[in-house]
Each structure stands twice: as structure tokens, then as C-alpha cells.
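Student: I have a new structure open and would like to learn how to read it. Could you go through it with me, feature by feature?

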Amino acid sequence: GHCRLLCKPSALAQHLVRSLGRSAALRGGRWPWPRWPQLQMLRQLLQPPEPEPVVARELLQLPDAGVVALDWLVGPWGAAGGGGEVSSPVLLLIPNAAGKVTGGLLQLGLRALERGFIPVIFNRRGHNGCPLTTPRLQPFGDPGDLREAVTYLRCRHPSASLLAVSEGSGSGLLLAYLGESGSSSRLAAAACLSPIFRGRDWFEAGMPWLYEWPLLLHLKQGLSRYAGVLAEVVDMDRLLGSRSLRELEETLFCRTRSRPTSWECYWERNEPLRDADEAAVPVLCLCSADDPVRGPPAQSLPGELFRSSPYFFLLLTPHGGHCGFPWRRPGRCWAHEAVLEYFRAMAEFLRTEERRKGLPRPR
């Protein structure tokens, strides 16, 4: 499919090239609508998953009395929440920064479930029906709540491999977590679909109105539900009157009543790649060159990171839009197949290395 893998040469990189090269998902076929990345994206985001998934919700209380929600995908069969074999890998799914659980993300969860994974969706405070119990939302690149969720999943499934995959702007949270946690992330591998690498530049550049206004409306609808609570800390009139994602982000996290800060200081603490050099977990970033949301590859892709770090891999495709990547089969996304193949290849490589070095499996 004319994909290119950009990475630092290593034994893991060679194994990944061989594994992805054998994958049927990357063998191409004709691209649907190659000149219309907008259609590719809308098709994947709006098309409902088949079959309709069954979700079991679990609320996790955080140290400051805040709450996040974990939605266990148990398939269309109505099984008990968080089911699966004891040693089955747990796949943590992270939606975009607006908290929108797209049909594509649910479809990825169903494909993972079919292959023996235990998929669970991480919902931030106040997102996707998760109650907002404190007047605080999660900033763009603050991984504190995600760290608590990962700790809980590790305690609940102590013998299982823990994997994570993020979609779109939600990748800022996953990348920040991997950099800040380093070798203590407790993840075996991670993947990002159409990630936003440079958060500040993305907010300042803005998106085409076709994408920005629906996303802005979705965020305002969610925030308006908690107007009474949030009015204690932010100017709700200004917040709900925001005319851009940057204005909303700045009002919500910089112009607070109790602890105001500057736009520059906010991004010093929330840029996704601020601690990328400390990441110690293999990360596959799947991007398309025609992504209309992320922006031109030359300005939006950190090429030097992939050339210098042994843990970051960029799978760059000529077409696919933003989280689109339509496949030949109806309702399928070839990026999902590539990500699941990547996780399989990672597990195979780690098992081989353990046998070669005679290392005991980590507890």
C-alpha cells in the first residue's frame, strides 16, 4: 500500500518490518476515494460499528475525589464486564481529547475482542457521560488520571500484558504518559492512530471549519451539563461563547479564577512530546500524509524523534485522512488490522528475546 516505516535501525525494527510486510492489511488494493481524505475520515468516524457492542461501565474514584469511567467492551453477546481469560492482554482504548468515542474506536475494540484481547475504553472526567464530581477537567497533556487507571488495570489483571492505543488528539495524553512515566509505565507496547504531536501548534493553527465547529459544539454541549460546578472556577459565558478550540482551551485551563496561568506556561506542562526522550515503551504511530486535521507532514511530524529514538516507529501512508484508513471490506479499517498485527509482532519479539537471553518473565 506504499506505506513507509520511519525508525531507528534495530533488531525490533527489522522484526516489525517483516511482520507488517506479511500482513494482509498492508498489501494494498485500490484506495477508496484517494483524493478525498475528508470522506475517508467521515466514513470511519460516523459509520456505526457492526455488530453493536455491549459495554459494561466501571467508575474509578481518584485521590482528589474525581471520577473517570472505564467501559469494558464485552462484545454483542452480553458477557460479564471485564471478561476474558486471566492471561489475555488488556487493550486500553483512549478516545480523542473531546471524549468522543467514535464508531472507529468501537470497531477496533470489537476486532481486538475477536482476537482474544480484553478491550476497555478510558473516559476522562466529565466525558462520555462520566460524572464530574470536582470542578476540574483533565488538561490536554496531563497524564495523572490515566496513570491511576493504568495502576488499577494492572492490579485487576496482574498477569496480563497491558497495551494502549489512542485515537487522534487523544494521543497527546498517551504520549505524555509514556514520556513522563519512562520505564515505569507498566505498558508492554502502545500505538497512536493519526496522533497530534505538537499540541500548541495544532491549537494555534486551527482546523478547517468543517472539523473545528462540530468538535467545538460537542465540547460545549458536554461542558454545559456541568455549568453550575464549573462556574466556580471559570467564566462560563466566555467558555460557552468560545469561537475556536484555542479560545475554549485557554478559557478552561488558563483563565481560571483560582490559579490563572499563561498560554506559554500551560504548554510547557502539557506538550505531548515534552519528555519523549524518557519513553521506554515501543510506540507505533500510524499517520497519513493527507491528514487534513493534523496538518502538512513537514510541519506536524517530528521526523528527528523517529530517527533517533529506538522506541518510536512511524508508519506513514500516502492516503487515509484523519483516523480514516478505509479497507476493501465494508466497515473495516486497515489501520486497526495493522495495529493488532503490531501488538502480535511485539509479543512475539519479546518472547523470542526472553528465550534467547534466558530471562524470567516479568511478574
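Student: Let me start with strand 4: how many of its residues are buried?

Tutor: Before counting, two notes on the model. It is a predicted model, in which local features need pLDDT of at least 70 and side-chain atom pairs count only at pLDDT 80 or more, while totals for chains, interfaces and linings use all residues. Residues are numbered from 1 along each chain as its sequence is written, and side-chain values use heavy atoms, with hydrogens and water left out. Now the idea: buried means under 20% relative accessible area, exposed over 50%, and partly exposed in between, with a 1.4 Å probe and protein chains only. Helices (H or I, at least four residues) and strands (E, at least two) are DSSP runs numbered from the N terminus. In strand 4 (residues 90-94), five of the five residues are buried, so the strand is largely enclosed by the rest of the structure. V90, L92 and I94 point one way, and L91 and L93 point the other way.

Student: Which strands does strand 4 pair with, and how do they run?

Tutor: Two strands pair if DSSP finds at least two bridges between them. Strand 4 has four bridges to strand 5 (residues 118-123), running parallel, and five bridges to strand 6 (residues 162-167), also running parallel. To find these on screen, look for L92 with its bridge partner V120 in strand 5, and for L91 opposite L163 in strand 6.

Student: What do strand 4, helix 3 and strand 5 make together?

Tutor: A crossover is called right-handed if, with the strands pointing away from the viewer, the path from the first strand over the helix to the second runs clockwise. Strand 4, helix 3 (residues 103-114) and strand 5 form a right-handed β-α-β unit.

Student: What is the strand order of the whole sheet?

Tutor: The sheet is open and has nine strands in the order 1-9-8-7-6-4-5-3-2, with mixed pairing. At its edges are strand 1 (4-6) and strand 2 (54-61), each pairing on one side only. From one strand to the next, the twist averages 20°; axes here are lines fitted to C-alpha atoms, for helices over the stretch in contact, and angles run from 0 to 180 degrees between N-to-C directions. For an antiparallel case, take strand 2 and strand 3 (residues 67-75), joined by eight bridges, with A56 opposite W72.

Student: Which strands does helix 14 lie across?

Tutor: Helix 14 (residues 334-357) lies across strand 4, strand 6, strand 7 (189-193), strand 8 (283-288) and strand 9, and runs at about 165° to strand 7.

Student: Which residues have the most contacts inside the largest nonpolar core?

Tutor: A nonpolar core is a set of buried Ala, Val, Leu, Ile, Met, Phe, Trp, Tyr and Cys residues joined through side-chain atoms within 4.5 Å. The largest one has 39 residues, and L92 and L178 have the most contacts inside it. Helix 5 (residues 171-181) gives the largest share of this core, five residues. Contact in general means heavy atoms within 4.5 Å. Beyond its neighbours within four places in sequence, L92 is in contact with residues including V120, F122, L146 and L163.

Student: How are helix 4 and helix 5 oriented, parallel or perpendicular?

Tutor: Angles under 35 degrees count as roughly parallel, over 145 as roughly antiparallel, 65 to 115 as roughly perpendicular and the rest as oblique. The axes of helix 4 (residues 144-156) and helix 5 come within 10 Å and cross at roughly 75°. Helix 4 and helix 5 are therefore roughly perpendicular to each other. Where they meet, L146, R147 and V150 of helix 4 face residues of helix 5 including L173, L174 and Y177.
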